[in-house]
Amino acid sequence: VTFLRLLRSVKVLRIFRRIRSLNAILRALFKSLTQVANSCLLLLLLTAMYAIVAVNLYGDAHLSGENNAAVFSDFFNSLFSMFQVATGDGWADSITRSLFELKHPSGNVDASVVAFFVSYTIIAGMIILNAVVAVLLEEFSSSLDEQTSTIQAEKEARQSMLDPSSPLQPLLTELAKAEGPQELRGLLLEICRACDPDGAGWIDRNMLQAGLCSLRLAHTPHVADDDFRALSRRFGGGGAIATTELPSMLRRQLAARVMRGLQRTCRQRDPMRSDFITVSGCS
């Protein structure tokens, strides 16, 4: 029962799904796991190499201090001692200076000890560990850029669907004349066939413009590069719109057109009701 109660604390992780900034941090951590694991593996191999060398060089040394008597007596003690050096946990006083006293009773600095430990500190503590931090920062930066691009694309798509000056307004006018769902579905299929006659599965700006021209509308829409770029980021990606997403896109813009009509009607009768429709319909 106590264990089940402890599991309730896991519910706090739901906050990562609701707050975008925390979600971006979590995704960056997961994306960087492979590169961080590679860096940690490199650090482990380097530490093992130095630990083996330390056992051969200082395995018979009995350092001063009760806790330092066997820091290099075998591989695992040596491995842990080298990890202590990498973290910078007092290794200069507890290990190296004790080795100086063994090499030189007067306590003079020994060049071989300095070269061994300083080289390991530079490679492991300054280069590899900082490489791990650099990997995390790079993933955080890319996740932040991705999140910013997603928010901007959603904003542009929302504006393009709610903007009365949308270049697809002439096409939406024809779709609004459909007398039922079946007729609307048929018109949408005809538009898809006109814009993607070869069945490529995607539609670029030139294909969309050519397809709209072939429909012989009363007023042929002109889709500018910026307008199409905003639509493609929302409904396709890579500078193109998926053919299967085109009907959904047109349905949304048609619904936005109907919503604007309701807003105008309600604004004439009841301004408070018009504000309610604006909030509930566009949120």
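This is a short tour of the structure above, stop by stop.

The model is predicted; local features need pLDDT of at least 70 and side-chain atom pairs count only at pLDDT 80 or more, while totals for chains, interfaces and linings use all residues. Residues are numbered from 1 along each chain as its sequence is written, and side-chain values use heavy atoms, with hydrogens and water left out.

**Stop 1: the largest core**

Select Tyr-58, Phe-72, Met-82, Phe-117 and Tyr-120. These have the most contacts inside the largest nonpolar core, which has 23 residues. A nonpolar core here is a set of buried Ala, Val, Leu, Ile, Met, Phe, Trp, Tyr and Cys residues joined through side-chain atoms within 4.5 Å. Buried means under 20% relative accessible area, exposed means over 50%, and partly exposed lies in between (1.4 Å probe, protein chains only). Helices H4 (33-58), H5 (75-87), H6 (91-103) and H7 each give two or more residues to this core. Helices are DSSP runs (H or I, at least four residues), numbered from the N terminus. Which helix gives the most to this core? H4 does, with 7 residues.

Leaving aside neighbours within four places in sequence, Phe-72 is in contact (heavy atoms within 4.5 Å) with residues including Ala-54, Tyr-58, Met-82, Leu-99 and Phe-117. Apart from this core lies another, of 22 residues, among them Leu-168, Leu-188, Leu-212 and Leu-254. In soluble globular proteins, nonpolar side chains tend to be buried together.

**Stop 2: along helix H7**

Move to helix H7, residues 111-162. Ile-128 is in this helix and is buried, at 8% relative accessibility. Beyond its neighbours within four places in sequence, Ile-128 is in contact with Ser-39, Leu-42, Leu-43, Leu-46 and Ile-123. Ile-128 and Leu-46 are 82 residues apart in sequence, and their C-alpha atoms are 9.8 Å apart.

Next select Val-109, Val-114, Val-118, Ile-122, Ile-123, Met-126 and Ile-127. Together they form a nonpolar surface patch with about 560 Å² of accessible area. Patches are made of residues with over 30% relative accessible area and no salt bridge; like charges are joined within 9 Å, and nonpolar side chains (Val, Leu, Ile, Met, Phe, Trp, Tyr) within 5 Å. Accessible areas come from the Shrake-Rupley method with a 1.4 Å probe, and for residues only the protein chains shown count as cover.

From Val-114, draw a line to Ala-92: their C-alpha atoms are separated by 9.9 Å. Ala-92 is in helix H6 and is partly exposed, at 32% relative accessible area.

**Stop 3: salt bridges**

How many salt bridges are found in the whole structure? There are 2 salt bridges, each a side-chain nitrogen of Lys or Arg within 4 Å of a carboxyl oxygen of Asp or Glu. Select Glu-174 and Lys-177, whose side chains meet at 3.6 Å, N to O. Glu-174 is partly exposed, at 26%, and Lys-177 is exposed, at 54%.

Then select Asp-225 and Arg-205, with their closest N and O atoms 2.8 Å apart. Asp-225 is in helix H11 (residues 225-235) and Arg-205 is in helix H10 (residues 205-214).

**Stop 4: cysteines**

The count of disulfides, pairs of cysteine sulfur atoms within 2.5 Å, is 0. Select Cys-195, which is buried, at 1% relative accessible area. The nearest cysteine sulfur to that of Cys-195 belongs to Cys-192, 7.2 Å away. Last, select Cys-213. Its closest cysteine sulfur is in Cys-195, 9.7 Å away and too far for a bond.
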